[in-house]
Structures are given as C-alpha cells and as structure tokens.
Amino acid sequence: MRVVFLTGAGISAESGIPTFRGKSGLWNNYKPEDLATPTAFMRDPVLVWKWYDWRRGIVSKAKPNRAHILIAELEKEIDVIVITQNVDGLHQKAGSTRVLELHGNIWRVRCTACYDTYYNYEVPLREIPPRCVNCGGILRPDVVWFGEEIPANILEESFRISENCEVMVVVGTSGVVYPAAYLPFIAKRAGARLVEINPEDTPISSISDMKIREKASGGMEICVKYLRSLL
Ligand code: OAD
C-alpha cells in the first residue's frame, strides 16, 4: 500500500516551530511581502536574513515530535512518501528517507551570483547577509518565496506521486497555498482515500474521507491504527 503524507507547518507546531496562519501565526506579525518575496530580498537582504536567522535559531533547537517519528517508523511497514511544505528538515531528522520538499530547506543557501547551492548550518550567522564561500556573492535562503515557482522536477514528481497513492494523509496544513493545496484534490480524483489531521476545518476537509480533529501527534496515533486496518 502506498501512502503519501502531505504535511504543513501544523506538524511541527508541537516541536515549537510557529505556524504561518492562525492566532499565533507568523503572518500575523510579519507581512509576507516584506519578508518572503524576491522583491523584499532585493530591497533589503539584511532584513530578510535577520528574519531567517531568527527562524533558523528556532529550528536548530527543535526536535521531531511524535507525529514526525510515527511517519518515519511507518516506512518499516508500508510504502511511505512524504511531501512537505515545511523547510525545517524535521521529517529527515525523524528518519524519513523519502521526503519531497516543495518549498525548499531553511538550511540550504543559494548564491545570487554563481547560483551554487549548499547547506549552511551556522546559528547565528556570523555575517548578515552571508557570502558565498566560492565567489563572495550574496547568498539567499534556498527556499521558495511568494511569486516564485516550485522547481519543476519536484512539482512534477509530487503530482505523479499524488496520482498514484492509495491513501493521502494531510497533516497540519491550512490548504490555502497553491500548488501544494491541489495535491489532495489530485489524489482524491485519482481514487485515493483522503485522511485529514488538523484541529481545524480547512478547504481540504470537505473532500476528506476521514477527519481527525486532533493535534498532529495524537492524530497520527489514530491514523497509524487506521492505516494498519487497511493492510
Ligand atoms: P499554515 O500556518 O497556513 O497552517 C497551519 C495549519 O496547521 C492550520 O490549518 C492549523 O489549524 C494547523 N495546526 C496548528 N497546530 C497544529 C497541530 N499541533 N497539529 C496539527 N495541525 C495543527 O501552514 P501551511 O499550511 O504549512 O509557504 O502553510 C503553507 C505555506 O504558507 C508555507 O509553506 C509557507 C506559508 O506562507 C511559503 O513560505 C512559500
């Protein structure tokens, strides 16, 4: 049985990483257009990097929670692929081996001059904005910002995987950011069962076969039992 987990910021909330929307969401205090767009970066790379440096500090202290761990452990029993909108790398830290990162990774940097990409785990950054180790150009976070496209190979693979799964479990996403939010609709149309784990209603709830109104860790315990019942 092939199961795809589509995850969003809510799965890392119990690890202490703030979500984007909701009462204490990041976008209540910061405007996406000031911080998460290519124009914002060109205007003020120092401001954008200070925000990323702060978030990298939070992520560096975060540990995978029970939900990440249960998904990783399921690999021993079933064919599991994770498609995540998160940039925190916690699925890999929990042991998941097949993870597609739709929005990039907060630890990866990309040079705006020579375009080289590599990982940089410095916390806090010694220099803001950080400079490329090869050419001295200004680095940017290798993440997908508003107005930018998800790399075509990753997007195509996520569409293909969504079309070819038997179950899709959507954990902790508000389902309002596209193209990620299309994936449950693609899976459903192709005949997959859809499970949603989220304490709140989302646009994905209406097409879900099973709604688990719990936080990610408690919801995943229920979900694992459900998946085992399908084997
Ligand atoms: P959001 O912040 O939009 O949504 C988080 C979702 O998680 C909400 O539906 C919450 O109800 C739910 N949630 C909160 N706590 C939870 C918990 N403990 N367990 C389970 N669910 C919980 O985050 P995303 O949907 O991931 O994009 O946001 C999508 C994209 O918007 C992000 O990748 C980011 C953002 O702007 C970019 O930066 C391109």
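Tutor: Start with Asp209, which sits in the loop between E8 and E9. Keep in mind that this is a predicted model.

Student: Why is Asp209 called partly exposed?

Tutor: Its relative accessibility is 46%. Buried needs under 20% and exposed needs over 50%. Asp209 at 46% falls in between, so it counts as partly exposed.

Student: What makes the link from Asp209 to the side chain of Lys188 a polar contact?

Tutor: The two side chains come to 2.9 Å. The cut-off for such an N or O pair is 3.5 Å. The side chain of Asp209 also reaches the backbone nitrogen of Leu194, at 2.7 Å. Leaving aside neighbours within four places in sequence, Asp209 is in contact with Lys188, Ala192, Arg193 and Leu194.

Student: Asn198 is in the loop between strand E8 (193-197) and strand E9 (210-212). How do you know whether Asn198 is buried or exposed?

Tutor: Its relative accessible area is 10%. Buried means under 20%, so Asn198 is buried.

Student: Which backbone atoms does the side chain of Asn198 reach?

Tutor: A polar atom of that side chain lies 3.2 Å from the backbone oxygen of Thr173. A polar side-chain atom of Asn198 is also 2.9 Å from the backbone nitrogen of Glu200. Beyond four places in sequence, Asn198 touches Gly172, Thr173, Ile212, Arg213 and Glu214.

Student: Thr173 takes us to the ligand. Which residues come nearest to the ligand?

Tutor: Ala9, Phe20, Arg21, Thr173 and Ser174, out of the 22 residues around it.

Student: What polar pairs does the ligand have with Gly172, Thr173 and Ser174?

Tutor: A polar side-chain atom of Thr173 lies 2.6 Å from a ligand oxygen. For Ser174, a polar side-chain atom is 2.5 Å from an oxygen of the ligand. Gly172 uses a polar backbone atom, 3.2 Å from a ligand oxygen. The protein covers 91% of the 800 Å² of accessible area that the ligand has on its own.

Student: What classes of residue form the shell around the ligand?

Tutor: The shell has 9 nonpolar, 9 polar and 4 charged residues.

Student: Why do you say the ligand lies between domain 1 and domain 2?

Tutor: Domain 1 (1-16 + 64-103 + 149-231) and domain 2 (18-61 + 105-143) both give residues to its shell, so the ligand lies between them. The C-alpha centres of domain 1 and domain 2 are 25 Å apart. Each side of the contact is known too: 13 residues from domain 1 and 13 residues from domain 2.

Student: Next, helix H5. What makes Asn65 a cap for H5?

Tutor: A side-chain oxygen of Asn65 lies 2.8 Å from the backbone nitrogen of Ala67, at the N-terminal end of H5.

Student: Which residues of H5 are buried, and what do they pack against?

Tutor: In H5 (residues 66-74), the buried ones are Ala67, His68, Leu70, Ile71, Ala72 and Leu74. They pack against strand E1 (2-7), strand E2 (79-84), helix H6 (90-94) and helix H9 (216-230).

Student: Why is His103 called buried, given its place in the loop between strand E3 (99-101) and strand E4 (104-111)?

Tutor: The label rests on area. His103 has a relative accessible area of 15%, under 20%, so it is buried. Among the residues His103 touches are Thr84, Val87, Val143 and Ile150.

Student: Why is Tyr121 called exposed?

Tutor: Tyr121 has 55% relative accessibility, over 50%, so it counts as exposed. Tyr121 lies in the loop between strand E5 (117-119) and strand E6 (139-143). Not counting residues up to four places away in sequence, it touches Arg56 and Trp107.

Note on methods:
Residues numbered from 1 in each chain as written. Predicted model: local features only at pLDDT ≥ 70, side-chain atom pairs only at ≥ 80, totals over all residues. Heavy atoms only, no water. Near = heavy atom within 4 Å. Polar contact = N/O pair within 3.5 Å; in protein donor to acceptor, adjacent residues only side chain to side chain. Areas by Shrake-Rupley, 256 points an atom, 1.4 Å probe, with all protein chains shown as cover. Nonpolar A, V, L, I, M, F, W, Y, C, P; charged D, E, K, R; others polar. Domains from an automatic or database assignment. Buried < 20%, exposed > 50% of the residue type's maximum accessible area, 1.4 Å probe, protein only. Helix = DSSP H or I, 4+ residues; strand = E, 2+ residues; numbered from the N terminus. Contact = heavy atoms within 4.5 Å.
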